[in-house]
Amino acid sequence: MADIERYDIVIAGAGLTGAAFALAAAQAGLRVVMVDPQPFDAQLAPTFDGRSTAIAFSTFRMLDALGLGEALRPHACRMDHILVTDGRRPGAASRAASPAFLRFDAEEIGGRTGGEPLGYMVENRRIRAALAEAVTRAGIEVRAPASVAAVEVDPGKATVMLADGSRLVAPLVVGAEGRGSTVRRAAGIDTVGWGYGQSGVVATVKLGRDHGDVAHEYFLPGGPFAILPLTEQRASLVWTETTRRGEALRDASDAAFHAHLMRRFGEFLDGATVEGPRFVYPLSLSLAERLTAPRIALIGDAAHGVHPVAGQGLNMGLKDAAALAEVLAEAARLGEDIGAETVLERYARWRRFDNAALAAGFDAFVRLFSNDIAPVRLARDIGLAAVNRIGPLRRAFMHEAGGATGDLPRLLRGEAV
Ligand SMILES: Cc1cc2nc3c(=O)[nH]c(=O)nc-3n(C[C@H](O)[C@H](O)[C@H](O)COP(=O)(O)OP(=O)(O)OC[C@H]3O[C@@H](n4cnc5c(N)ncnc54)[C@H](O)[C@@H]3O)c2cc1C
């Protein structure tokens with residue numbers, strides 16, 4: 001007979017969202033286990049994840065409340081300004097201010113955020129390291145490498161079957177395994193979505209000049225190009241290429257890659273040198289039709305994989321994690337069954353509209369800005385200029401990007417679950 005272990009929650013996926021949720025649930029006194037096919041410390045290798053994440057200021061409060069602040073702060077670069085420009089070439093747009101630009105300044109909403117920046121840029125490897133340390137400190141069990149083979153739901157419990165034959169039993173299973181979620185499939189939850197036929201190319205550069213804590217986003221005809229400030233006068237570059245070109249760039253020699261970068265963005269990146277490997281991520285939209293099923297809840301990319309154009313995917317996932325942990329903590333305090341449909345419905349109601357609206361909004365944004373048809377360009381440039389001139393609208397965008405709108409979970413207000 002294979003071994004059977006009992007928990008309050010089995011979490012499939014020990015990535016950024018799964019690990020943050022595990023910490024939040026453990027903070028609420030729930031006994032959790034994470035399962036992941038990759039060894040937990042594999043995430044810490046410098047070649048594992050070359051991305052950096054724009055963490056909204058409210059999400060940073062959550063990471064602080066989970067005990068990660070001290071480890072992250074030395075590696076977090078303030079984003080005090082965000083400059084959005086619609087241009088054909090980033091270099092040209094940086095020389096003469098294009099009329100089609102939008103500027104966000106943290107000090108404009110400083111009264112509401114207590115002097116916090118619009119967000120922080122942090123390398124994913126730093127977030128992964130801080131999460132791993134906190135997970136270990138909290139004594140959370142991680143079964144890795146191990147993968148979820150199937151999920152069986154019976155009245156009162158769910159059983160997660162691992163590929164090695166062991167069985168984990170809990171009143172609730174959380175799917176946090178990203179876009180290809182096995183738990184989502186086991187629950188019969190469909191997704192809507194499509195590929196963009198493009199990939200995000202990511203590289204870190206040492207800049208030749210001071211970035212001034214400014215994040216730049218250029219809408220070029222081929223797709224968005226972002227230059228995001230990092231500590232030590234570095235920047236994370238993210239731009240879109242066809243998947244074939246992206247893969248060729250990933251595999252090119254250092255000299256060929258640098259030459260390509262200078263040819264495309266040279267005027268802007270004058271004096272920049274590439275640091276470390278480059279990474280290529282295929283871009284797609286994948287939105288789960290439901291967030292819950294009997295004894296199952298989805299969070300993070302398992303629920304909504306979005307285009308990185310607005311740097312919100314992980315922020316959305318961490319908000320899911322905070323909302324679900326809060327609902328479960330409350331249910332446990334009241335002596336309710338944490339996997340009951342009525343409990344999970346509270347989570348679904350809290351997050352479904354926000355997730356669907358943002359996913360649709362980013363998709364529309366990418367389509368609107370990734371083309372060079374003159375009337376479309378004119379219309380969107382008028383839109384950008386208008387938002388830039390209308391203070392309340394500009395401030396509303398900043399609050400939205402900072403994640404501090406709507407019914408905020410306690411963790412995003414910086415309070416414990
Ligand atoms: C180029 C790029 C830039 C981005 N920039 C930003 C940004 O600036 N800001 C932002 O908020 N977001 C950003 N994002 C989005 C963000 O990176 C993702 O939303 C986030 O990484 C999703 O994390 P996750 O833990 O939900 O899923 P994943 O990262 O996909 O993790 C899933 C985990 O589940 C595990 N797993 C897989 N299968 C199984 C199984 N069967 N059983 C158990 N475990 C399993 C995997 O090994 C992995 O550890 C960006 C994305 C891209 C591509």
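In this predicted model, strands β5 and β8 run antiparallel and are joined by three bridges. Within this pair, M79 stands opposite G119 of β8. Helix α6, made of residues 124–137, packs on the sheet to which these strands belong, where it touches β4 and β8. The direction of α6 makes about 85 degrees with that of β8.

The sheet itself is open and consists of three strands in the order β4-β8-β5, with antiparallel pairing. Its edge strands are β4 and β5, the latter spanning residues 77–79, and each of the two pairs on one side only. Direction ignored, neighbouring strands of this sheet are turned by 30 degrees against each other on average.

Domain 1 comprises residues 4–76, 121–193 and 285–370, while domain 2 comprises residues 196–212 and 226–282. The C-alpha centres of domain 1 and domain 2 are 29 Å apart. Contact between them involves 12 residues of domain 1 and 14 residues of domain 2. On the side of domain 1 that touches domain 2, the elements giving two or more residues are β4 (52–56) and β8 (119–123). That side of domain 1 has five nonpolar, five polar and two charged residues.

The axes of α1 and α6 come within 10 Å and cross at roughly 35 degrees, and the crossing is left-handed. Helix α1 contributes L16, A19, A20, A22 and L23 to this contact, and α6 contributes I127, R128, L131, A134 and V135. By class, the residues of the contact of α1 with α6 are nine nonpolar, no polar and one charged.

Helix α1, which covers residues 16–27, also packs with helix α10, which covers residues 313–333. Here the angle is about 25 degrees and the axes are 9 Å apart. Because of this angle, α1 is roughly parallel to α10. The crossing in which α1 passes α10 is right-handed. On the α1 side the contact is made by L16, T17, A20, F21, A24 and A25; on the α10 side it is made by L314, G317, L318, A321, A322, L324, A325 and L328. The residues of this contact of α1 with α10 comprise 12 nonpolar, two polar and no charged. L16 and A20 of α1 take part in the contact with α10, and both are also listed in the contact with α6.

Helix α10 in turn meets helix α11, which is formed by residues 341–369. The axes of α10 and α11 come within 9 Å and cross at roughly 165 degrees. This makes α10 roughly antiparallel to α11, because angles over 145 degrees count as such. As α10 passes α11, the crossing is right-handed. In this contact, M316, D320, A323, L324, V327 and A331 of α10 meet V343, R346, Y347, W350, R351, N355 and L358 of α11. The contact of α10 with α11 has nine nonpolar, one polar and three charged residues. L324 of α10 belongs to this contact and also to the contact with α1.

A further sheet remains to be described. Four strands form this open sheet in the order β1-β12-β11-β10, and their pairing is mixed. Strands β1 (4–6) and β10 (148–154) stand at its edges, each with a single partner strand, so one side of each is left without a neighbour in the sheet. Neighbouring strands are turned by 20 degrees against each other on average, direction ignored. Strand β10 runs antiparallel to β11, residues 157–162, and six bridges join the two. In this pairing, E152 stands opposite T159 of β11.

Two details of the backbone complete the picture. Most residues other than glycine have a negative phi, and most peptide bonds are trans. The peptide bond from A144 to P145, however, is cis, with omega near 0 degrees. P145 lies in the loop between β9 (141–143) and β10. E232 has a positive phi, near 60 degrees, although this residue is not glycine. The place of E232 is the loop between β16 (223–230) and β17 (234–242).

Notes: Residues numbered from 1 in each chain as written. Predicted model: local features only at pLDDT ≥ 70, side-chain atom pairs only at ≥ 80, totals over all residues. Axes fitted to C-alpha atoms, helices over the stretch in contact; angles between N-to-C directions. Parallel < 35°, antiparallel > 145°, perpendicular 65-115°, else oblique. Left-handed = near helix turned anticlockwise from the far one by under 90°. Contact = placed C-beta atoms within 7 Å. Nonpolar A, V, L, I, M, F, W, Y, C, P; charged D, E, K, R; others polar. Pairing = 2+ DSSP bridges. Domains from an automatic or database assignment.
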